[in-house]
Amino acid sequence: MPDEPHKLRFIAWGELLWDLFPDGDQLGGAAANAAYHAASLGAEALLVSRVGKDELGTRALRELAQRGVDVRAVQIDAGAPTGTVRVELENGEPRYEIAAGVAWDRIAWQDDLGELFRTASVVCFGTLAQQRALGFDAVERALRHAPASALRLCDLNVREPFATRAIVDSALTLASIVKLNEGEVATLSRLFAQPNVVAWLLAERGIELVAVTLGARGAFLATRSERLEHPGFPLSSTGGDPVGAGDAFSAALSLELCRKSPLATCLERANRYAAHVASYAGGMPSARDYKY
């Protein structure tokens, strides 16, 4: 891992919740996963989220802090429970049943967030925490405080039935980088009637870099001037699952971009780290022994 005179600050905005697997509960949520992986890769990682004033929320905050994530911007909601997602693996792919009316869907702007965002190197956000106008307005306000040099990464994490054209459109207006998977490419193609989603994002939506993950087949990066592909890495064990691998990819990619690594290096390292995560169960496996 590169030594840096000043640590990069990675801020994730979105879900902190519990993934309910058949064999037990795992701490998760796309934003929380991304923050954890950024911390594991050497960044100062801060999560903006919201949990209930309940046992699950207390445990989530404690466990995430123990894993190296700054949780001071996680809000406590006395009127909504901590989020949960029931996860089933079908043919090795996760299927999600997301509980509605939970705390992370009520993240609110708070004035002290402005000072935190002024030092951001990366702001990572998705679509789930923007289901309501309040969610979009709060993310937009936060990004106004971030420096112009900060990467604005939209990791779409489109989940039915929450995927609507309006929500995705709003998220895209805030992003300089978009990461999505093959299924999300198909969803955007349908929502926006675009046969070539990647070209549309680059040419018409003003996105600077598009990353598309392809599961076990790796990923590719596209800009207006080049396209790079990587076939991915084999998994190091047979007991893992793909939960959190995309979030790991986003964290690794954005940090390498901040370090001004060549695009080919960014892609290779993001693929390698995502394969490491997919080799283990749950979205936040330890990276203690991970080496680039």
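Student: How many nonpolar, polar and charged residues are there in the lining of the second largest pocket?

Tutor: In this predicted model, the lining of the second largest pocket comprises 6 nonpolar, 4 polar and 2 charged residues. The residues concerned are Ser121, Ser149, Leu151, Ile177, Glu208, Leu209, Thr223, Leu257, Cys258, Lys260, Ser261 and Leu263, and the space they line amounts to about 240 Å³.

Student: How much space lies in the largest pocket, and which residues lie nearest its centre?

Tutor: The general idea is that rolling a probe the size of a water molecule over the atoms shows where empty space is left. Here the largest pocket holds about 1300 Å³ of space, and its lining is made up of 48 residues, with Glu93, Pro94, Tyr96, Asn181 and Pro242 nearest the centre. By class, that lining has 20 nonpolar, 17 polar and 11 charged residues.

Student: Which element gives the largest share of the lining of the largest pocket?

Tutor: That is strand β7, with 5 residues, although several elements supply at least two residues each, among them β2 (17-21), α1, β10 (177-181), α6 (182-192), α8 and α9 (263-278).

Student: How many cavities of 30 Å³ or more does the count come to?

Tutor: The count comes to 1 cavity of that size, and the volume of the largest cavity is about 60 Å³. Its lining consists of Trp13, Glu15, Ala30, Ala31, Ala34, Cys124, Phe125, Gly126, Asp155, Asn157 and Asp247, which by class are 6 nonpolar, 2 polar and 3 charged.

Student: Why are α1 and α8 described as oblique to each other?

Tutor: Angles under 35 degrees count as roughly parallel and those from 65 to 115 as roughly perpendicular, so α1 and α8, at about 45°, are oblique to each other. Their crossing is right-handed.

Student: Which residues meet where α1 and α8 are in contact?

Tutor: From α1, Ala30, Asn33, Ala34, His37 and Ala38 meet Asp247, Ala248, Ala251 and Leu255 of α8. Grouped by class, the residues of this contact are 6 nonpolar, 2 polar and 1 charged. Ala30, Ala34 and Asp247, which take part in this contact, are also among the residues that line the largest cavity.

Methods:
Residues numbered from 1 in each chain as written. Predicted model: local features only at pLDDT ≥ 70, side-chain atom pairs only at ≥ 80, totals over all residues. Heavy atoms only, no water. Axes fitted to C-alpha atoms, helices over the stretch in contact; angles between N-to-C directions. Helix = DSSP H or I, 4+ residues; strand = E, 2+ residues; numbered from the N terminus. Parallel < 35°, antiparallel > 145°, perpendicular 65-115°, else oblique. Left-handed = near helix turned anticlockwise from the far one by under 90°. Contact = heavy atoms within 4.5 Å. Nonpolar A, V, L, I, M, F, W, Y, C, P; charged D, E, K, R; others polar. 1 Å grid on protein atoms, 1.4 Å probe; cavity = no way out; pocket = protein on both sides within 12 Å on 5 of 7 lines; lining within 4 Å. Points joined across faces, edges and corners; volume = space filled by probe spheres on them.
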